[in-house]
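Subject: Structure handover

Dear colleague,

I am passing on the structure below, and after it you will find notes on what came out of the analysis. Please read them with the model open beside you.

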Amino acid sequence: MTENIYINKSEEVYDAIVIGSGISGGWAAKEFCERGLKTLMIERGRVVEHRKDYTGENKTPWEQPFRTKVDNLLVEQQYSIQKQCYAFTDATKHFFGNDRDLPYTTAKNTNFTWIRANQLGGKSLLWHRQSYRLGEFDFQANKSDGYGNDWPIRYKDIDKWYSHVETHAGISGALDNLENLPNGEFLPPFEMNSPEKSIKKKLAELYPQRPLVMGRTAHLTKPTEMHLSQGRVQCQTRNECQAGCSYGAYFSTQSSTLPAAAETNNLHIAPNSVVHSLIYDEVSNRIKGVRVIDNDDLSEREYFAKVVFVCASTISTTQILMNSISKKFPNGIANSSGVLGHYLMDHNYNANASGDIEGYEDEYEKGRRPTGMMMPNFYYKPDSKRNFLRGYALAGGAYREGWQSTQHQDGLGVDYKKKLKEAGKWRFGLYAQGEMLPRFENLMSLHPTLKDKWGIPQVEFDCRFSENETDMMIDAAEQAEKMLKAIGLQNVTSSVSHGTPGLAIHEVGTARMGIDPKTSILNAYNQSHDIPNLFVTDGSSFCSSAVQNPSLTIMALTVRAVDYCVKEMNAKRL
Amino acid sequence: MKQNQDEDNTVNDESRRNFFRGLTMLVGSTAATVLLTSNSISVAMAYSLQPTSLLNAPVFDGKVFSLLQLKKLQKICAIVIPQTDTLGAAEVNTHGFIDNQLFHCYENSEQEQMKALLTLIERVSNQQFSSSFTALNSKQQFDLLTDLDLGQNNFNAKQRTDFKVLKRLICFGYYTSEVGASKELRYLAVPGGYKGSIPYKKTDASWGSQGLFY
């Protein structure tokens, strides 16, 4: 990539503006550029160059001042929210937003954890890389039970776009031939360890409707020629992904979509450009461009384009739309329906179960597999006999304990040291990832008075898990415990916790798609019902959360939307 | 990392600290940290990250602990994870690590909890043996800490729990040190792929490398 790809001021009217450079923004830019459109990607944060800016990568714990932990003072002043993320460590902290500059509020008696990644690449640098297609039952779920609006698309509409993104991104997985977790274009799956193989087999005998499969993940287990040509090589299983990967072995904007976009010479990037609002022309009913505030010096500037894709991540996208006020759209642009900000969802991780595995003392793993096992949602068919709607997946795996478990034992001295040196017992655990219903009353809005340092109204959340989600977690803990006992694990325990939304970092909804412009923001191609040259293709467009991790679907929706948009542009309909 | 056992280094380390303190007063700690890019110097501001002598005898008050408390903690580290065919927790300055880590990454209440634990150990040592803990012979020290570890004789369950906290700090400090992670355990920075099953026998070391997640 050349230096002059980055711009600051520009009078040019681009073919397309893409707001955001994360998973959806990277894909939008790549697809536009490859179709020959002059594209401007706007990123609110700093530039992160592949390899060069992975400053925490490959550092041993003893090379880190607090051995992977982060100084209290820094956490208190800058990362009081972000620290809650499991991936927040000394090696990754610079890829998380600075909470001091990113305030938000929550309604009384509610909590929402908003994880931020405001730099080039966004959360594609920090994601957990689990990659699953939604199935036909997922697209029908809202229609089946009446919660939320019907997805305006079905599986057949997105199938080939999943294939498109999988092939380029590189998704490892097995062809499991499951009814509601469709196969994809997979690189080979990661191996199971011996206890996992055995558990999979036992479960298949006892629970044939509940298969356990290898987690599908955006890692190059066997890179193709195309991946190699991008400078991406095989995953080395360091499991230090969120620090950045110079091998390019996991999908990120930097490793995958950005180099493809840059290669076309159609891409420009405006970093440090915090989008304030969209510039709307009421006469033509088109978005003309984007008003941004400089991240550093707070000066204002504008960028212009024929079409605008908002890919800023669920909450930020809706914040931008809400802050784009005009006479025609006093409550946020493209919000004639009034549902903007509503139907906020996340996933619910509030149940788990685990137990000890007997045997396998003469076996061990080598390498740090960056994925685990997954038992896909087995409740995907509606059943009125259950006391809750929708379902959950169970994810986990088998591992052999080390010093972090054995350290709790009694003992001192030579014997204690010897015990801690050895690999401990094998354990197997599962945790739930539950669907959250789309509910009108779970929402985000703009605070009436509070603003951030860029002068943009702060987001206020009013979002909570309902009884449906709680009941689902009780069931998940019970079912997981029952299964682990049935397959002969020892000392099986389960628990239900009470975490609040946000921390799954699977926030979706708030600018949903739909057939009816009166009850949705976007049509079946992620195009605004109200304004033809405005598209939103990130998680905010989801009608339901489903159970699967959302990123792969965000990618597929994005490329599908670009394909449609360019065809519409060529047909002079935009 | 070198296992530098040169006694002179203790002196060097002291001078580094003084150098750093002087520099800090001149330019402020943030700027000083930036200026001191040499690893051996910049880490000296906190505590001796590199073991500088076999004994690592504390010579200053720490950030949380007094000099006397640090010496006691050093002894406790040596008893919990002693030197065997690899160096132990005291030899890799786990006591210095704990002082620094408690100061930077733990709450005040947790710092006080650990200070109180050291005071308790001293008090019981005095009651039982009429002697300071550091002056006890090795067996007496081991037995006293065993009582504490099990919450028996002069110690109760709450005190036992506090000691487990300290043991966790010692283990974290030791097994994230270069010696602990890569000499006592096995450290694979770049595994090169995942194998679900390799042979293992009881005396083999477990993995000291855990990616980001310690």
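The largest cavity has a volume of about 100 Å³, a cavity being a set of points on a 1 Å grid over the protein atoms alone where a 1.4 Å probe fits but cannot get out, and a volume being the space filled by probe spheres set on the points, which are joined across faces, edges and corners. Of the 13 residues lining this cavity (those with an atom within 4 Å of a point), the closest to its centre are Cys235(A), Arg238(A), Asn239(A), Cys241(A) and Cys245(A). The lining divides into 6 nonpolar, 5 polar and 2 charged residues, where Ala, Val, Leu, Ile, Met, Phe, Trp, Tyr, Cys and Pro count as nonpolar, Asp, Glu, Lys and Arg as charged, and the others, Gly among them, as polar. The whole structure holds 5 cavities of 30 Å³ or more.

Please keep in mind that this is a predicted model, in which local features need pLDDT of at least 70 and side-chain atom pairs count only at pLDDT 80 or more, while totals for chains, interfaces and linings use all residues. Residues are numbered from 1 along each chain as its sequence is written, chains are lettered from A and ligands numbered from 1 in the order in which they are written, and side-chain values use heavy atoms, with hydrogens and water left out.

Turning to the sheets, helices (H or I, at least four residues) and strands (E, at least two) are DSSP runs numbered from the N terminus, and two strands pair if DSSP finds at least two bridges between them. An open antiparallel sheet of 6 strands has the order S6-S13-S14-S15-S11-S18 in chain A. Its edge strands are S6 (213-214) and S18 (490-496) of chain A, each pairing on one side only. S11(A) (residues 351-357) is joined to S18(A) by 5 bridges, and Asn352(A) stands opposite Ser495(A). Helix H11(A) (residues 467-486) packs on this sheet, its direction making about 175° with that of S18(A); angles run from 0 to 180 degrees between N-to-C directions, and axes are lines fitted to C-alpha atoms, for helices over the stretch in contact, contact meaning heavy atoms within 4.5 Å.

Finally, helix H4(A) (residues 155-169) packs against helix H12(A) (residues 551-570) at an angle of about 105°, with the axes 8 Å apart. H4(A) is therefore roughly perpendicular to H12(A), a term that covers 65 to 115 degrees. By class, their contact has 9 nonpolar, 2 polar and 4 charged residues.

With best wishes

Conventions: On a 1 Å grid over the protein atoms alone, a cavity is a set of points where a 1.4 Å probe fits but cannot get out, and a pocket is an open set with protein on both sides within 12 Å along at least five of seven lines; lining residues have an atom within 4 Å of a point. Angles under 35 degrees count as roughly parallel, over 145 as roughly antiparallel, 65 to 115 as roughly perpendicular and the rest as oblique.
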